[in-house]
Amino acid sequence: MSGSRAWIWVIPLTFIVALALTVAPLPDWAAPWRPEWLAMTLIYWSMALPRRFGVGVGWGLGLLMDVSTGALLGQHALGFALIAYLSIRLHQRVRVFPLWQQALTVGGLLALHLLVVLWISGMTGRAPGTWLYWAPLVSSMILWPWVFVLLRDVRRRWCLALS
Amino acid sequence: MVRLALLALLSIGLMWTDHRHNHLQDFRSAVALLVYPVQAGVNLPVQAGAWLLEQLRSHQTLVEDNRRLRDKQLRMSALMLRFEALEQENARLRELFETSSRLRDPLMIAEIMAVDLDPFRQQLLINRGRVHGAYPGQPLINAQGVVGQVLESHALHSSVLLISDPSHALPVLVNRTGLRTLAVGTGNPQLLELRYIPPAEDLEPGDIVSTSGLGGRFPADYPVAEIIRVERIPGEPFARVEARPLARLDRSREVLLLAPVNGTPAPKSEDLFQEPADNTAEEVTP
């Protein structure tokens, strides 16, 4: 195998791309609908390689998310750690689901994350008072099958050595 | 499970410290530096596009631009001649009154990075950081008016809170009448709300409000907004006054950072949000 250790840079690269998509400028009307790229990538890798990923990775990524969106430090970190934990716990069941059921599960995880973030925003008096806050949930669920297939191909191509 | 609980506790600790105190600024800046390459990378195509556009402009347009700008420059310098005389006269008069004031503030040009933050908050990133001398609380303007202030300055870039953010309050005065009030953000980049104005006050749509300099953060007399609607509701203690920021907050690409007043250190950024409100609330209603 040409790159049995290729995963060392391939997996971080997927996260970097996800982060870039998270901060890439969108037109005003589309900005609230931006899918939760980083969270989806985290969910995929936690479910695909549950032994390699832990809540710590999720927490660290959450910190990056906090800083890049200007949120309170720890806000997304808490949500991401929760997502990573649940994905690892659920991976055996969800991995065999058909894609649309997977999308629903992912939606559930993301809803939990968004709820945690909203709750903390509310406590610090910065809650966005609009239903559009939940828009990423819809766009993420719609896009999940594509994200899944794409990342699965990435895993099959470069990360075979991992389990 | 144990690790999740530990990390959750850590998050709560972090959030609490971040919300109540400012100790985490350095840590935050360190993480921000980690994210910066990604943000700069996202910004790059936009920058490259602008550069390419500049390269592709025809000779003809450049010559025309050049002529137009030279005309403008000439007209501006003619105006400046009188301005300089006025400035000196003003300084003399102020000396008579023994007050001090500066009319010209040193500036630093910054570029807005094409990077999105939380869509529900009015924030921006600019490509000037601590290395260049940006500090939290530093006022930002553009050619049309006040834009906002630096919220956090990281090593190479800073985040900016726009005057249209709901947590931002700016002490202003109405140019025509001298009435002091607060311009509070609404979350809509096209709309500010002027607070605590008694219904009997003389205000009309079209009045310009500018900074009053009362908060101690923004220098006085920079234009902020134009009043677009005055609504006096019978029985309410204050009128509802809406204003449109003069600086096109959602359009401009370049902003100007005002340098600190005569090298005096920036005001402590402890209560960035409450400070203007606390200082001026009582002075608003005479």
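The model is predicted, and local features need pLDDT of at least 70, side-chain atom pairs count only at pLDDT 80 or more, while totals for chains, interfaces and linings use all residues. Residues are numbered from 1 along each chain as its sequence is written, and chains are lettered from A and ligands numbered from 1 in the order in which they are written.

**Chain A**

Let us begin with chain A, which has six helices and zero strands. Helices (H or I, at least four residues) and strands (E, at least two) are DSSP runs, numbered from the N terminus. The radius of gyration of chain A, 16 Å, is close to the 15 Å that the globule rule gives for 163 residues, so chain A is as compact as a globular protein of that length. That radius is taken over C-alpha atoms, and the rule is 2.2 Å times the number of residues to the power 0.38. Along its principal axes, the C-alpha trace of chain A spans about 50 × 30 × 30 Å.

**Chain B**

Chain B holds an open sheet of six strands and a barrel that six strands close; two strands pair if DSSP finds at least two bridges between them.

| Element | Strand order (chain B) | Pairing | Average twist from one strand to the next |
|---|---|---|---|
| Open sheet | S1-S12-S3-S4-S5-S2 | antiparallel | 35 degrees |
| Barrel | S6-S7-S8-S11-S10-S9 | antiparallel | 40 degrees |

S2(B) pairs with S5 (residues 158-162) of chain B in the antiparallel sense over four bridges, and Ile126(B) stands opposite Ser158(B) in S5(B).

**Where the chains touch**

Between the chains, 33 residues of chain A are in contact with 31 residues of chain B (C-beta atoms, placed from the backbone, within 7 Å). On the chain A side, H3(A) gives the most, with eight residues. The residues of this side divide into 24 nonpolar, eight polar and one charged. Ala, Val, Leu, Ile, Met, Phe, Trp, Tyr, Cys and Pro count as nonpolar, Asp, Glu, Lys and Arg as charged, and the others, Gly among them, as polar.

Notes:
Axes are lines fitted to C-alpha atoms, for helices over the stretch in contact, and angles run from 0 to 180 degrees between N-to-C directions. Two residues are in contact if their C-beta atoms, placed from the backbone, lie within 7 Å.
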